[in-house]
Amino acid sequence: MTIIDITSTFSMNNNIDAVKKCLRNFPLEARELYLNKTVPYLEQVPSPLEFYREWIGPNKPCIIRNAFNHWPALTKWNPSYLREVVGSKVISVAVTPNGYADAVNRDRFVMPEERQMTFSSLLDIVEGKVASRGVFYIQKQCSNLTEELPELTGDVEPHVPWMSEALGKLPDAVNFWLGEASAVTSMHKDHYENLYCVISGEKHFILLPPTDRPFIPYQDYQPAVYRQREDGDFDVIDEAGSDKVPWIPLDPLKPDLVRYPDYRLARPLHVTVKAGETLYLPSLWFHHVRQSHGCIAVNFWYDMDYDIKYNYFQLVESLAGSVGPL
């Protein structure tokens, strides 16, 4: 190696170290300047302007009480009512062996088996009237409330008026969620402003701000799907010809800090959203979700603004993915 090569290598290593230092300091500065140490509660719905200024613009989560007390769903949506109104409807249900849908399983990113079944059949499983191998969860995220269960839309609102006014748009999707306590949503982020309304039961969220991206590991995985055999066991079937999927292998409930030591620097927020409460989950926030058994929720996805904040996040994403461990 020549002197020029040594000098060039030394300079490159110094530059990488400088970038790593910036990435370590970036989340710390965000916590000092604007992030809350806990998720605040609002006792009433703010005005659209206030909500935009205080929460959407700064990209900060909050829990809003008394936001949908007027929804008939809060008092109507029990198993008896659901059986009567939509019991015979055939819906899409995610089925997995372990409750983890759209999650890393060893060296694969595995999606659930999408099963068509009547709503009553699902309720039989959730209520323990029928024994079944696997974990069942209504989690289809293509506006399944309006597309598959339009009979229930009169019990909620088609959109959230104060949120729609704050953003100047209607939601892209309105989703219905119901499942077993074992159903877990692995850590990920969405390109939506999310209002998550719990109708019954509780949802348990682990939240991480976009600024903690340098501490969150990503890897590329071969996509696959679960398929249940006649004997009840599940196979993992590769999706041939599909591009690899970038996903987070870390489980925040039991993080492997030997394999992913940078996660020690992350500062996750833990929050429980109870029946009658709404979580505002800002775009690009990382989240992991669990629930009480039979919990019912509806969420509204509003497309995010692809503004300069999104550009900044993409820059951090690129840098964090290129410099290796911090």
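Trainee: At roughly what angle do the axes of helix 4 and helix 5 cross?

Mentor: Keep in mind that this is a predicted model. Helix 4 covers residues 79-86 and helix 5 covers residues 119-126. Their axes come within 9 Å, and the crossing angle is roughly 160 degrees.

Trainee: Are helix 4 and helix 5 roughly parallel or antiparallel to each other?

Mentor: The axes cross at roughly 160 degrees. Angles over 145 count as roughly antiparallel, so helix 4 and helix 5 are roughly antiparallel.

Trainee: Which residues of helix 5 does helix 4 meet?

Mentor: From helix 4, Pro-79, Leu-82, Arg-83 and Val-86 take part. By class, the contact between the two helices has five nonpolar, one polar and two charged residues.

Trainee: Moving on, is Glu-277 buried or exposed?

Mentor: Glu-277 sits in strand 17, residues 277-281. Its relative accessibility is 8%. Buried means under 20%, so Glu-277 counts as buried.

Trainee: With which side chain does the side chain of Glu-277 make a polar contact?

Mentor: Glu-277 touches several residues beyond four places away in sequence, including Tyr-41, Phe-68, Tyr-196 and Arg-65. The side-chain polar contact, at 3.2 Å, is with Arg-65.

Trainee: And which backbone oxygen does the side chain of Lys-309 reach?

Mentor: Lys-309 is in helix 8, residues 308-322, and counts as partly exposed at 38% relative accessibility. Leaving out residues up to four places away in sequence, Lys-309 touches Ile-56 and Gly-57. Gly-57 is 252 residues away along the chain, with a C-alpha separation of 9.6 Å. At 2.7 Å, the side chain of Lys-309 reaches the backbone oxygen of Gly-57.

Technical notes:
Residues numbered from 1 in each chain as written. Predicted model: local features only at pLDDT ≥ 70, side-chain atom pairs only at ≥ 80, totals over all residues. Heavy atoms only, no water. Helix = DSSP H or I, 4+ residues; strand = E, 2+ residues; numbered from the N terminus. Buried < 20%, exposed > 50% of the residue type's maximum accessible area, 1.4 Å probe, protein only. Polar contact = N/O pair within 3.5 Å; in protein donor to acceptor, adjacent residues only side chain to side chain. Contact = heavy atoms within 4.5 Å. Axes fitted to C-alpha atoms, helices over the stretch in contact; angles between N-to-C directions. Parallel < 35°, antiparallel > 145°, perpendicular 65-115°, else oblique. Nonpolar A, V, L, I, M, F, W, Y, C, P; charged D, E, K, R; others polar.
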